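The sequence and structure come first.

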Amino acid sequence: MEFRGTTICAVKKNGVTAIAGDGQVTMGESVIFKNTAIKVRRIYGGKVILGFAGSVTDAFALTERFEGMLNKFAGNLMRSAVELADLWRNDKVGRKLDAMMITADENTLLILSGTGEVIEPDEGVCAIGSGGNYALAAARALIQETDYDAETIARKALKIASEICVFTNDNIRSEVVGEEKAVKKPAKKSTAKKSVKGE
């Protein structure tokens, strides 16, 4: 019987990237095996965060390989992801890994797909796993229509997904990298009436 971790959502906003994941591990298609699993973690001395979905065993194998690449390439996230994807595509065992991963440092947000692809998401928002589409839709709406920070959006999107997807629960854990950048608000236009010469 296969154990599967489910939903991960990531949001990049104002210099901060947050990755949130739920705690449910499902056995097969109908049994909740664990409610408090940790699917989001910090690696490489806390400088890189990641979250995984899919087969739990494969996800741990993928995480271990990725951490090895980060050590090999001095923490260069993009280079490590590309090299891992290349290794994955050319390795018969790795190609069968049934897992996906979202990873980020203070500058870059990436998805590593189950087919060995490296994807940089549009608009700084992405989600994977069983409830990924629900979380993605919620996160996009929240980032466009609210002033919430990255972590709040990621957590709220997961909460919404947990209310729809039976493979996602609301035991949410998140990790954050980066520093909040000050956002300049546009200056308000003066409503005072200008005097016209000769009046």
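## Helices α3 and α4

Which residues in α3 meet which residues in α4? On the α3 side they are Tyr 134, Ala 135, Ala 138, Ala 139, Leu 142 and Ile 143. On the α4 side they are Ile 153, Lys 156, Ala 157, Ile 160 and Ala 161. By class, the residues of this contact are ten nonpolar, no polar and one charged. The model is predicted.

Packed helices are described by the angle and the distance between their axes. Helix α3 covers residues 132-145 and helix α4 covers residues 150-162. Their axes come within 8 Å and cross at roughly 135°. The crossing of α3 past α4 is right-handed.

## Helices α1 and α2

Helix α1 (residues 56-72) and helix α2 (residues 77-90) have axes that come within 9 Å. These axes cross at roughly 130°. The two helices are therefore oblique to each other. α1 passes α2 in a right-handed crossing.

Which residues make the contact between α1 and α2? From α1 come Leu 62, Arg 65, Phe 66, Met 69 and Leu 70. They meet Leu 77, Ser 80, Ala 81, Glu 83, Leu 84, Leu 87 and Trp 88 in α2. The contact has nine nonpolar, one polar and two charged residues.

In soluble globular proteins, nonpolar side chains tend to be buried together. Here the largest nonpolar core has 20 residues. Cys 9, Val 11, Ala 139 and Ile 153 have the most contacts inside this core. Strands β2 (8-13), β3 (16-21) and β11 (125-128) each give two or more residues to it, as do helices α3 and α4.

What does Ala 139 touch, leaving aside residues up to four places away in sequence? Its partners are Cys 9, Val 11, Val 125, Ile 153 and Ala 157.

## The chain as a whole

The protein chain has four helices and twelve strands. Of its 199 residues, 46% count as buried. Take the contacts between residues at least 6 apart in sequence: 62% of them join residues at least 24 apart.

Two residues illustrate such pairings across the sequence. Gly 28 sits in the loop between β4 (25-27) and β5 (31-34). Its C-alpha atom is 7.6 Å from that of Arg 4, 24 residues away along the chain. At 17% relative accessibility, Gly 28 counts as buried, because the cut-off is 20%. Asp 58 belongs to helix α1. Asp 58 is also buried, with a relative accessible area of 16%. Asp 58 and Ala 99 are 41 residues apart in sequence, yet 5.9 Å apart in space, C-alpha to C-alpha.

## Positive phi in two loops

Asn 14 lies in the loop between β2 and β3. Its phi is near 50°, a positive value in a residue other than glycine. Asn 14 counts as partly exposed, at 30% relative accessibility.

Ala 74 is not a glycine, but has a positive phi of about 55°.

Notes:
Residues are numbered from 1 along each chain as its sequence is written. This is a predicted model: local features need pLDDT of at least 70, side-chain atom pairs count only at pLDDT 80 or more; totals for chains, interfaces and linings use all residues. Side-chain values use heavy atoms; hydrogens and water are left out. Axes are lines fitted to C-alpha atoms, for helices over the stretch in contact, and angles run from 0 to 180 degrees between N-to-C directions. A crossing is left-handed if the near helix is turned anticlockwise from the far one by less than a right angle, and right-handed if clockwise. Contact means heavy atoms within 4.5 Å. Ala, Val, Leu, Ile, Met, Phe, Trp, Tyr, Cys and Pro count as nonpolar, Asp, Glu, Lys and Arg as charged, and the others, Gly among them, as polar. A nonpolar core is a set of buried Ala, Val, Leu, Ile, Met, Phe, Trp, Tyr and Cys residues joined through side-chain atoms within 4.5 Å. Buried means under 20% relative accessible area, exposed over 50%, partly exposed in between (1.4 Å probe, protein chains only). Angles under 35 degrees count as roughly parallel, over 145 as roughly antiparallel, 65 to 115 as roughly perpendicular and the rest as oblique.
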